[in-house]
Structure formats: C-alpha cells, structure tokens
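Here are my notes on the model you sent over.

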Amino acid sequence: MTRIQSLFRIAGLAIAAWVNAPVCAVESRPNIVLIVADDLGYGDLGCYGAKGYQTPNLDGLAASGRRFTNFHVAQAVCTASRVAILTGCYPNRLGLSGALGPGSKIGLHPEETTIAEVLQQRGYATAAVGKWHLGDAPQFLPTAQGFGSYFGLPYSNDMWPRHPEARPGTYPPLPLMEDSRVLKADLQPADQEQLTTEYTERSVRFIESHRSEPFFLYLAYSMPHVPLYVSSKFKGKTERGLFGDVLEELDWSVGQIVETLRRLHLEENTLILFTSDNGPWLSYGDHAGSAGAMREGKGTSWEGGTRVPCIVSWPGHIPADSTSDTLLMSIDLLPSIAHIANAPLPPKKIDGMNVWPLLTGTDAAHPHPAYFVYYGRNELQSVLTPEWKLVLPHTYRTLGGTPGGRDGLPARYSQVKMSGPELYNLRNDPSETRNVAEQFPAPLQELLELAEKARADLGDDLTGKKGSGVREPGRL
Ligand code: MG
C-alpha cells in the first residue's frame, strides 16, 4: 500500500464507524434546495472575489453558512457534470459524457437513481426548475426521474436556431417545457430574457405550496450560459456589462428563494446548496465568467474548469461565516443528502460518499479511500488527491493568452498537446503554474498507479482501456 493510500485508509477507517452508525442525530426530514448555475466560474461571486457587480444575496448566504474553496465538479461540461450532481456517480460510469444535443438518442438511464428518487422514498415533494440536459426524450425527462414537476429548458439555451454561433439547420426550435409537455414550442429572445424571472416565480410557488411537507427543489438556472439574457429589471445595471447584469439577476433570484423560506419560517429547516456545473466558457470573453486565479476554464480538466463556488447553508446545523478548503466533489452531494434525510442509498454502486461531517465542519477526516478522477469525455485526464494533481498527457483547448470574444461571439481556442504526465501540488500551487513531476517522483508514481486502477474500473479512451464498472446509458 502506498503512503497516500495509507493516509486515506486511516482517515477512512476513522470515519467508517461514524458513517455506518445508525442515523439518529438527524431524525427530521429537512427541506433541500439545490441551486446550480450554468458556466459560473470560481471567481464569479462577490464572496469569491468578483468585481464590477454585486452579489449581496449569495454573499449573505455564504455568511449564513459555509463557503467551500476546493469544491469540484466531476467533468467540466454541462450534461456530464449534472449526471454527477444528481446521481453521485462519475458520468462515464453511467455511459454519459460531454453535452447531449437536442433529440439525443441516449440519456440518463431511468433505472439509475437521482437525488429526487432518493428523497421521494422518504416522502419528499420534488420539483426540477430550469435546465435539465440529461436527455430530452420523455423517458429521460425529470418527471421520469423522480421529480413530481418540471419547468424549464430540456438542454442548453445555446442549442437554439437563433444563437449567433448556430449554423442554419443545426438545431430545432428550442422548447420551454412543463412536466413532459411543451409549453412554448419556439423560444424567442424575449422569452430568454424572462427565464431567470420565471424560474424564480416557479420556485417560490413550489416552496409556498409545499410549506407543510418536506420538499426538494432542484433549481438549475440557464444563466450565465451564453447567449446571455437578462430581464429589464437588471439590464444595463452594472459596469461589468451584460455578464454582470445577468449575475445580479441570479443573485436577486437566490435572494427571492431565501426570502420566501424566511417568510414561511422554513429557514431553520432547510438546507440550501449553491454551486455551478462547470467553470467559465472563456472563449466568449466579455460574456464569459472568470475562474479567478485558477487555470483555464470550461471544457478542460484544469482547475478553472472543475473548481467552482460552493455555498452550503442550514442555520443551526452548519456553522455561520465559515470557510473550508477541504477537497470535495459533486458526486458526494447525493450520499450526503441521503444521510441527512435518513434515506437509503441507491441500489447500484455510486462513486460519492457521505461528507456531511465535512460540510458541517465537525470532522476533518476525509471518507474517500483514495482519489478523485477527472475525465474529459472518456479520456482519463487527471487524478486528484488532497495534496497532488496528476495531469495525464492529453490535448486541451486554450486561448493561450489571446483575448476572448466580444458581445456574444467567441474567439477561437487553440489545441495544446501535452508531451508527458505533469504533477502539481495543489496545496502550494492551486493555479497549476509549476509542474513538479521531476522533483517528486514518488507521488507521481503513486498517482500513475491510481490512474491504472481508475482505467480498470471506468476505462480510458487515451489508452484504449475498457472499464469493467461502466453501465449503459438509457437508449431510445
Ligand atoms: Mg455548463
């Protein structure tokens, strides 16, 4: 056993007793509000250093709870990331990766278990509001995956004939859905301007009508994914321009949710989680967010792609005004939520673990036995431990220091082909500026061995390996 594995094992044993103990500390069924922004980068909130606009409600949410500075999505692109958030699995374990297009022949397999299904077993009312993107066929939609109701877009708002980047004939008209039916068949720019407002109103209405029973609200904003749209309430308000206006509207929306919970005296019985599905889409320049000090952005396995804001608030259960730099990944949300709702875990193998003690700050030991992995589609690109990050040789996209696009049009990425594995010490160098593979051969070797383990389980297109633990996606 290597040194890294031993450390994880000791920590794992220490926490195993806690995890396996009967859940008696939390008998209640708190409401869960899980909010996911789209393409919002690590540096895009005031409390994470954003400039040029204000996010007082999200900063206030962080002040009422805990702000995580080392929280990662499983894959830095929409569909794949959302699979991990909702199922606790690496997306490629479930045969999904990248971003599904309209009319996709595959989607999240209905036999996989979502957070909504976990909570439905415990009597929760469930709703999905916003972008789905786990398959737009009826059997893949939220209403077939544990959500009692659904309102929103079935996939990204740029998969739209009116998007400036869309070649004619690429996309069908973009629908707005209610449950499994089409509410509006052909979204217009004026409709996109109202999306954040409508998502907010639907969410508030759901909370109000389920105030006397436990509920789970999954609110997945379409913004700030391009093309950016904002209502007249916020248009032209910030010095940052349209991106800042959009962020201020998202912040307003979160404020409306928090205010509704306060008005209904539900604050003390509601866990709110806010995060993003991946980092900023940097080629869009002034219409893209910021990864702060992190390297690169969306669509890469560098920290700017995978490390996103994460705020968790539950007054009385999570210490106010606290921050944590513990390494966490979105696959841990399902088992942690199952824990606090005293609900059984999905019957099939999942990758996430209950990190509730880390979310509350009561226990610093990490339950994960070994490591996290980042795939880009089915390429194993990176392996992560709390201290080290191995980046395996692959080709990634970058602006390479050239400016991004302007006014909604993207600049072109160039492709960089790496020549060998690189090693970064994320504790000292979270921006991934110094490859220390030559100076630290022992951890390099340990992480290369972990990569082999991951390949055996999940496969790897870069080395042509098939994984034994991969399941089939849902197919039409
Ligand atoms: Mg996204």
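1. Pro138 is exposed, with a relative accessible area of 56% (exposed means over 50%, buried under 20% and partly exposed in between, using a 1.4 Å probe and protein chains only). Pro138 belongs to the loop between β5 and β6. Helices here are DSSP runs of H or I with at least four residues, strands are runs of E with at least two, and both are numbered from the N terminus. Asp179 is 41 residues away from Pro138 along the chain, yet their C-alpha atoms are separated by 9.4 Å.

2. Some housekeeping before the rest. This is a predicted model, so local features need pLDDT of at least 70 and side-chain atom pairs count only at pLDDT 80 or more, while totals for chains, interfaces and linings use all residues. Residues are numbered from 1 along each chain as its sequence is written, and side-chain values use heavy atoms, with hydrogens and water left out.

3. Now the mixed sheet. It is open and has 10 strands, in the order β8-β7-β6-β5-β9-β1-β10-β11-β2-β12 (two strands pair if DSSP finds at least two bridges between them). At the edges are β8 (181-184) and β12 (322-324), each pairing on one side only. From one strand to the next, the twist averages 15° (axes are lines fitted to C-alpha atoms, for helices over the stretch in contact, and angles run from 0 to 180 degrees between N-to-C directions).

4. Zooming in on that sheet, β6 (residues 149-152) and β7 (residues 176-178) run antiparallel and are joined by two bridges. Phe151 has Glu178 in β7 as its bridge partner. Helix α6 lies across β5, β6, β7, β8 and β9, and it runs at about 180° to β9.

5. What coordinates the magnesium ion? The donors are Asp38 (OD), Asp39 (OD), Cys78 (SG), Asp277 (OD), Asp277 (OD) and Asn278 (OD1), at 2.1 to 2.7 Å. Donors are N, O and S atoms within 2.8 Å of the metal (3.2 Å for Na, K and Ca), and water is not among the atoms, so sites may look incomplete. Along the chain the donors follow the spacing D-D-x38-C-x198-D-N. Distant parts of the chain are linked by Cys78, in helix α3 (residues 78-87), and Asp277, in the loop between β10 and α8 (303-306), 199 residues apart. Cys78 and Asp277 are both buried.

6. The geometry of that magnesium site deserves a look: the angles among its six donor atoms go from 53 to 157°, and the site is irregular. For the label, four donors count as tetrahedral if all angles lie between 85 and 135 degrees; four count as square planar and six as octahedral if opposite donors are over 155 degrees apart and all others between 65 and 115; anything else is irregular.

7. On packing, the largest nonpolar core has 57 residues, and Leu45, Phe274 and Ile311 touch the most other members (such a core is a set of buried Ala, Val, Leu, Ile, Met, Phe, Trp, Tyr and Cys residues joined through side-chain atoms within 4.5 Å). Helix α7 gives the largest share of this core, eight residues. Beyond its neighbours within four places in sequence, Phe274 is in contact with residues including Ile35, Leu45, Val254 and Ile311 (contact means heavy atoms within 4.5 Å). There is also a second, separate core of 49 residues, with Val36, Phe71, Phe147 and Ile318 among them.

8. Helix α9 (residues 333-340) is mostly covered, as eight of its eight residues are buried. Among them are Ser336 and His339. Just after α9, Asn342 takes a positive phi of about 55°.

9. The other sheet to check is an open, antiparallel one of four strands, in the order β14-β15-β16-β19. Its edges are β14 (372-376) and β19 (422-425); each has a single partner strand, so one side of each is left without a neighbour in the sheet. Three bridges join β15 (residues 379-384) to β16 (residues 388-391), and Leu384 stands opposite Lys389 in β16.

10. Last, Pro410, in the loop between β17 (395-398) and β18 (414-417). Pro410 is partly exposed, with a relative accessible area of 26%. Leaving out neighbours within four places in sequence, Pro410 is in contact with Glu165, Ser283, Tyr284 and Gly405.
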